[in-house]
Amino acid sequence: MKRKLPWVLLALFSGLMVAGLLLGEYKVVLEKAVMVCLDCIGIG
Amino acid sequence: MKKPRDRRAWYQAASALAMNAWLPGWLKGRIFQGGIKGVCVPVLNCYSCPSALGACPIGAMQTSFGGLRFNLSIAEKKFGLYVIGFLGAVGALVGRLPCGWLCPFGFFQELVHKIPSPKVRMPSFFSYFRYVFLAVFVVALPLLVVDEFGFGETWFCKWICPAGTLEAGLPLVALNANLRALVGFMYYWKVGLLVLFMAAMVLVRRPFCRAVCPLGAILGLFNKASIFRMAVDDEKCTRCDQCLKDCPAGIRIYESADTPDCVRCLKCVSSCKYGAVSYSFLKKREVAEDLRAARGRA
């Protein structure tokens with residue numbers, strides 16, 4: 001099992017990532033990323 | 001095993017440039033707005049840096065958690081699966097290796113540390129603080145505390161992140177007169193924090209990565225369970241501590257080869273004159289261990 005754990009984790013998290021993409025989360029990240037983040041620069 | 005040549009600084013510089021390749025942003029005082037910007041990068045690289053091409057996963061994660069409001073009909077209600085899955089997949093592959101080889105802010109810390117001064121060792125218990133920053137500022141506060149519109153905020157970006165101040169705050173305020181007019185207490189707080197971190201960087205090796213970085217905290221959890229692994233041959237290791245002297249994370253690799261504190265820069269591999277430290281991908285190492293065990297039984 002110890003030997004398989006990294007591959008299981010990789011499959012699990014890759015699946016989560018794909019699920020997130022299918023649920024439209026890329027758009028949420030993109031919308032945030034293309035706006036100047038006032039919090040990040042200390043003006044928010 | 002072939003030892004890695006010490007070209008890491010070149011990889012770090014190339015990575016910083018590749019992730020921040022939209023150079024017109026520095027002339028226009030505006031950020032890149034192309035469709036690829038939703039792609040997360042595996043390091044702390046502020047998406048409000050004028051030239052940033054990708055999204056900071058820690059900022060994106062806070063945004064997802066902050067928008068998770070089931071009582072608001074206009075809320076996006078996304079769980080951050082894309083970002084969590086991305087970070088988990090990177091962690092399962094290589095653990096904290098991006099911290100040592102790709103992170104622009106890690107590179108910056110190593111450059112600042114080259115300023116001649118007395119150097120100080122950071123107590124090892126400081127490394128637990130980064131889990132506190134992750135749990136409180138990246139997860140709990142964005143999920144639990146709402147602003148006047150009913151949404152959570154990006155607390156880590158707002159109150160802590162010196163990478164955002166360095167890569168985005170300073171250049172955008174310098175280049176953009178509209179933003180300059182909005183500067184107030186928060187800006188001075190963040191610039192003051194950056195100055196404090198920079199003072200710490202002169203004295204201590206990578207203090208932000210070791211004591212604060214929530215991304216390092218997440219990726220570090222995978223160090224013991226990633227496909228890429230470090231290994232120390234106990235028969236060759238003499239405990240001379242040359243690895244500790246060269247390590248940017250200030251660890252003794254022979255105490256725990258896959259400790260969450262290791263940024264996997266592989267400096268110890270090249271600095272160990274006895275060839276005791278090595279790295280490999282899981283399959284190869286496990287096969288070698290099985291062979292050793294079989295020889296032992298024979």
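**A Guided Look at Chains A and B**

Guide: The cover over the buried residues of α2 of chain A includes α1 (5-22) of chain A, together with α3 and α4 of chain B. This is a predicted model, in which local features need pLDDT of at least 70 and side-chain atom pairs count only at pLDDT 80 or more, while totals for chains, interfaces and linings use all residues. Residues are numbered from 1 along each chain as its sequence is written, and chains are lettered from A and ligands numbered from 1 in the order in which they are written.

Visitor: Which residues of helix α2 of chain A are buried?

Guide: They are A:Glu25, A:Val28, A:Val29, A:Leu30, A:Lys32 and A:Ala33, in a helix that spans residues 25-33. Helices (H or I, at least four residues) and strands (E, at least two) are DSSP runs, numbered from the N terminus. By this count, chain B has 16 helices and 2 strands.

Visitor: What makes B:Gly220 count as buried?

Guide: A residue is buried if 20 or more other C-beta atoms, placed from the backbone, lie within 10 Å of its own, exposed if 12 or fewer, and partly exposed in between. B:Gly220 has 26 such neighbours and is therefore buried. This residue lies in helix α13 (residues 214-220) of chain B. Leaving out residues up to four places away in sequence, B:Gly220 touches B:Arg96, B:Pro260 and B:Asp261. Here, two residues are in contact if their C-beta atoms lie within 7 Å.

Visitor: Why is B:Leu194 called partly exposed?

Guide: B:Leu194 has 19 C-beta neighbours inside 10 Å, which is why it counts as partly exposed. B:Leu194 belongs to helix α11 of chain B. Its contacts, apart from neighbours within four places in sequence, are B:Pro162, B:Thr165 and B:Leu166.

Visitor: How do you know that the radius of gyration of chain B agrees with a compact globule?

Guide: The radius is taken over C-alpha atoms, and the globule rule is 2.2 Å times the number of residues to the power 0.38. For 298 residues the rule gives a value near 19 Å; chain B has 21 Å, and therefore agrees. Of these 298 residues, 48% are buried.

Visitor: Which residues touch the most other members of the largest nonpolar core?

Guide: A nonpolar core is a set of buried Ala, Val, Leu, Ile, Met, Phe, Trp, Tyr and Cys residues joined through C-beta atoms within 7 Å. The largest has 98 residues, and those touching the most other members are A:Val29, A:Ile41, B:Leu44, B:Val83, B:Phe156, B:Ile253 and B:Val277. Helix α4 (residues 81-94) of chain B supplies the largest share, 11 residues. Among the residues that B:Phe156 touches are B:Ile58, B:Phe133 and B:Pro214.

Visitor: How many residues does each chain give to the contact between chains A and B?

Guide: Chain B gives 50 residues and chain A gives 29 residues. On the side of chain B, α4(B) provides the largest share, 10 residues. That side divides into 29 nonpolar, 14 polar and 7 charged residues. Ala, Val, Leu, Ile, Met, Phe, Trp, Tyr, Cys and Pro count as nonpolar, Asp, Glu, Lys and Arg as charged, and the others, Gly among them, as polar.

Visitor: Where in chain A is confidence lowest, and where highest?

Guide: Confidence is expressed as pLDDT, the predictor's confidence in each residue, from 0 to 100. The lowest mean, 84, is in helix α3 (residues 38-41) of chain A, and the highest, 96, is in α1(A). Chain A has a mean pLDDT of 90, with 95% of its residues at 70 or more.
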